[in-house]
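Hi,

Here is the structure I promised to pass on. My notes on pockets, the sheet and a helix follow below it.

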Amino acid sequence: MVAGISLVATLGAAGLTAAPTASAAPQAAPAPGPLVRAISAPVADAPDVDVTKVQAHLTELNAIASRNGGTRKSSGQGYRDSVAYVKNKLQAAGYTVTEQPCTSGCATGAGPNLIAEWPQGDTAKVYMFGSHLDSVAAGPGINDNGSGSAALLETALTLAEHHPAMAARVRFGWWTDEEQGLNGSDFYVNSLSSAERTRIKAYYNFDMIASTNGGYFINHLTSAAAQPMKAYWDSLGLQPEENTEGAGRSDDYSFEQAGIPTSGYAMGASARKTAAQAAKWGGTANRAYDSCYHQSCDTTSNINSTGLNRSVDGIASTLWKLAVTDSTPANDFSLSASPAGGTVDPGTSATTTIATATTSGSAQTVQLSASGAPAGVTVSFSPGSVTSGNSSTMTVATAAGTAPGSYPLTVTGTGSVTHTATYTLTVRGTGSCSGQQLLTNGGFETGTSPWTGDTGAIGSHAGQSAHSGSRFAWLGGYGYSATDSIVQTVTVPAGCAKATLTYWLHIDTDETDRVAYDTFKVKAGSTTLTTLSNTDAASGYVQRTLDLTPYIGQRIALTFTATEDSGLQTSFVLDDAALQVN
């Protein structure tokens, strides 16, 4: 939450109707306060969101801050690593994810907004859930606002896991530069056209939802937008109050100013809990809701797990009530590719038939698109959209320099609902090999792309040094049970005689026994190529070499993984990785 004077805004009730009440209490042990009471079941039951998974995200955000000077401020590497962490999780779950650079109004060097949309539901009705992902410069920002960011991330992953039928679109936003004045959300809202703003039926904001001495506050408590959120906390007997402290101080205000209905949860910042609130909710009267607000002590130790659990389950309950349906879409269709794959030489093309069929209700227009094509490959459709029941020809064209390998393409059909099909393109080798280095950004000097996984490990971190340049990947080094992995997918061209992976690794450890407590593994696909451990610790970098010749002609995921036990730390510091073929 940005510091400043509260601005009280009034929200009208137009556009939303009150939703049914929630069905069940969260699973966390109760904090001091009222007992949970049973109520009637909702139309669509939201699943319980596992608060331990939310806390695991908070642990990673805290580790990212620790590796970047103790902060995740919007202009620092800690923020960019936070964006990469959230983005990778969402992309793997099937979200359409966009980084939106803040090109005006943000602090110099501020990282991007991150927008993720679940590609199901009516595009004319969008419900948006957001939180700011940056911290202040003084601390890691785990309650403010890792709590909101992690809760939204796990809610999004839970939605993808359950994959329910959707009545409306759900869009998530993680905002940059909130702590400097709501700048990221302002930029996003100002970038929307009038039609795009109209499609957003409500925006829900989550800023500081795990305050250790917190209360239960809702933005615009009596508005129609707030009713699904209030219903859930009412079901727990929490007697929520209006969030007066946060009025005008977080990203919901950017949406309010544009006339979009807003609400959200909060548990309080630097204001003090009253005696009446302490009697109602537990905690300590005349003490700040969060005594670590905007300080270095805002770490994973500054989290109220019960409040966090009640908040994240309320978020899921609200999402399900507004956007999920129990019924089959009135108009639905199927999508398929026949054949489901093709093999070509570089410089040639393959075709397949994308067939649709109306499976319920009336026929609808289906827009076709494809994703996952590698460099040098283009995909086109003739026609580009069809009425369900008809077919289109998909042409996949390769360039002469397209690398040999197998590439899964995702074909998407978008109508009132969305369906996908998979087409696998195989590009044959030419029989000759051009000597080249295949890994991109193996020295980590140009950010995190195209590495995926725990990319918060990549950066210029105090406490370790690069082999060359200024950046490296610091895997492990926590001193407690944890795993870090970074992954890059490459195609090893056919026709080559030799493929060799080299990398520089520095291992330092606090372990004293000659026992492999902490390990470092290199894998190609699911095969472990080598395992090192704390017993291989040395004073400096050591170059390691692995033969990847057996993988010539294949597309592989190359993974570096560090795993620590619950005891003393071992750091595996990786730099200057290269995969050379000749």
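Strands β16 and β22 (482–491) each give at least two residues to the lining of the largest pocket. Strands here are DSSP runs of E with at least two residues, helices are runs of H or I with at least four, and both are numbered from the N terminus. β22 supplies the largest share of that lining, five residues.

Before going further, the ground rules. This is a predicted model, where local features need pLDDT of at least 70 and side-chain atom pairs count only at pLDDT 80 or more, while totals for chains, interfaces and linings use all residues. Residues are numbered from 1 along each chain as its sequence is written, and side-chain values use heavy atoms, with hydrogens and water left out.

Back to the largest pocket: its volume is about 680 Å³. It has 20 lining residues, and those closest to its centre are Pro374, Ala375, Tyr407, Thr489 and Arg555. A pocket is an open set of points on a 1 Å grid over the protein atoms alone, with protein on both sides within 12 Å along at least five of seven lines; a cavity is a set where a 1.4 Å probe fits but cannot get out, and lining residues have an atom within 4 Å of a point. Points are joined across faces, edges and corners, and a volume is the space filled by probe spheres set on them. The lining splits into ten nonpolar, nine polar and one charged (nonpolar is Ala, Val, Leu, Ile, Met, Phe, Trp, Tyr, Cys and Pro; charged is Asp, Glu, Lys and Arg; the others, Gly among them, are polar).

The second largest pocket holds about 560 Å³. Its lining has 27 residues, with Thr96, Glu117, Trp118, Pro119 and Arg169 nearest the centre. Elements giving two or more residues to this lining include α2 (77–93), β2 (113–118), β4 (169–175), β12, β16 and β17 (418–427). By class there are eight nonpolar, 14 polar and five charged residues.

**The cavity**

How many cavities of 30 Å³ or more are there? The count is one, and the largest cavity has about 60 Å³ of space. Its lining is made up of Met1, Asn205, Asp207, Asn219, Asn243, Gly246, Ser250, Asp252, Tyr265 and Ala266, which divide into three nonpolar, five polar and two charged.

**The sheet**

β16 and β12 also sit in an open sheet of five strands with mixed pairing, ordered β10-β17-β16-β12-β14. At the edges, β10 (341–344) and β14 (385–387) each pair on one side only. From one strand to the next the twist averages 25° (axes are lines fitted to C-alpha atoms, for helices over the stretch in contact, and angles run from 0 to 180 degrees between N-to-C directions). Strands pair if DSSP finds at least two bridges between them; β12 (residues 365–371) and β16 (residues 405–414) run antiparallel and are joined by five. Ala370 is opposite Val411 in β16.

**Helix α3**

Glu154 is in α3 (residues 142–162), and Thr158 lies in that helix too. Is Glu154 buried or exposed? Buried, with a relative accessible area of 6% (buried is under 20%, exposed over 50%, partly exposed in between, with a 1.4 Å probe and protein chains only). Leaving out residues up to four places away in sequence, Glu154 touches Val49, Asp50, Lys53, Val54 and His57, where contact means heavy atoms within 4.5 Å. Thr158 is buried at 4% and, beyond its neighbours within four places, contacts Pro47, Val49 and Trp320.

Cheers
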